[in-house]
Amino acid sequence: MRSALNLELPEPEWITLLREQQAKGKSVSQIARETGMKRPSLSMLLNGTYPAQSLDLVTRKHGARVVQLYRDQVLCPHLRRGIGAEECRSFAAAPMSTSNPEKLRHWEACRRCPLKPKGEPK
């Protein structure tokens, strides 16, 4: 996808997973049914012609489902990539870090994450 400033941004992992499914011979309609996406939107995403300036909204709506379905992972909103369920649990259960700013940001993100594993206090 190209931004308004014509910057080359890395493709989100979940879109790469959709492309891999298409490369394996699945039709756009079949992938749309599996993911719960609308076929025209999926087609535009795969062709790089999706009309939105940003993919943030569509990522929040479909990214986690695609990563879970095709990679059996959780799409971590903080890391912006798929991680295993056990890794997600360990991040969520980790104590607050006071010495590493990045770990502190991740800890704070885990506290408000809607995908946080059950049984952990929010």
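Tutor: Helices are DSSP runs of H or I of at least four residues, strands are runs of E of at least two, and both are numbered from the N terminus. The model is predicted, so local features need pLDDT of at least 70 and side-chain atom pairs count only at pLDDT 80 or more, whereas totals for chains, interfaces and linings use all residues. Residues are numbered from 1 along each chain as its sequence is written, and side-chain values use heavy atoms, with hydrogens and water left out.

Student: How many helices and strands are there in the chain, and which pattern does the chain follow along the sequence?

Tutor: The chain has six helices and two strands, and along the sequence they come in the pattern α-α-α-α-β-β-α-α. Burial is read from relative accessible area (buried under 20%, exposed over 50%, partly exposed in between, with a 1.4 Å probe and protein chains only), and 29% of the 122 residues count as buried. Contact means heavy atoms within 4.5 Å; of the contacts in the chain with a separation of 6 or more, 50% are between residues 24 or more positions apart.

Student: Which residues are buried in α3, and what do the buried residues of α3 pack against?

Tutor: The general idea is that an α-helix has 3.6 residues a turn, so residues three or four places apart point the same way. In α3 the buried residues are L42, L45 and L46. They lie on the same side of α3, because they cover an arc of only 95° around the axis, the arc being that of the directions from the helix axis to the C-beta atoms. The buried residues of α3 pack against α1, α2 (28–35) and α4 (56–71).

Student: At what angle do the axes of α1 and α3 cross?

Tutor: Axes are lines fitted to C-alpha atoms, for helices over the stretch in contact, and the angles run from 0 to 180 degrees between N-to-C directions. Those of α1 (residues 13–23) and α3 (residues 39–47) come within 10 Å and cross at roughly 100°. That makes α1 roughly perpendicular to α3 (under 35 degrees is roughly parallel, over 145 roughly antiparallel, 65 to 115 roughly perpendicular and the rest oblique). On the side of α1 the contact is made by W14, I15, L18, R19 and Q22, and on the side of α3 by L42, L45, L46 and N47.
The residues of this contact divide into six nonpolar, two polar and one charged (Ala, Val, Leu, Ile, Met, Phe, Trp, Tyr, Cys and Pro count as nonpolar, Asp, Glu, Lys and Arg as charged, and the others, Gly among them, as polar).

Student: Which residues of α1 are buried?

Tutor: In α1 the buried residues are E13, W14, I15, L17, L18 and Q21, and they pack against α2, α3, α4, β1 and β2. G25, which follows α1, has a positive phi near 105°.

Student: Which residues is H106 in contact with, leaving aside its neighbours within four places in sequence?

Tutor: H106 belongs to helix α6 (residues 101–111) and is buried, with a relative accessible area of 8%. Apart from neighbours within four places in sequence, H106 is in contact with C76, H78, L79 and F91.
With neighbours within four places left aside, C88 is in contact with V74, I83, L115 and P117; P117 is 29 residues apart from C88 in sequence and 7.5 Å apart in space, C-alpha to C-alpha.
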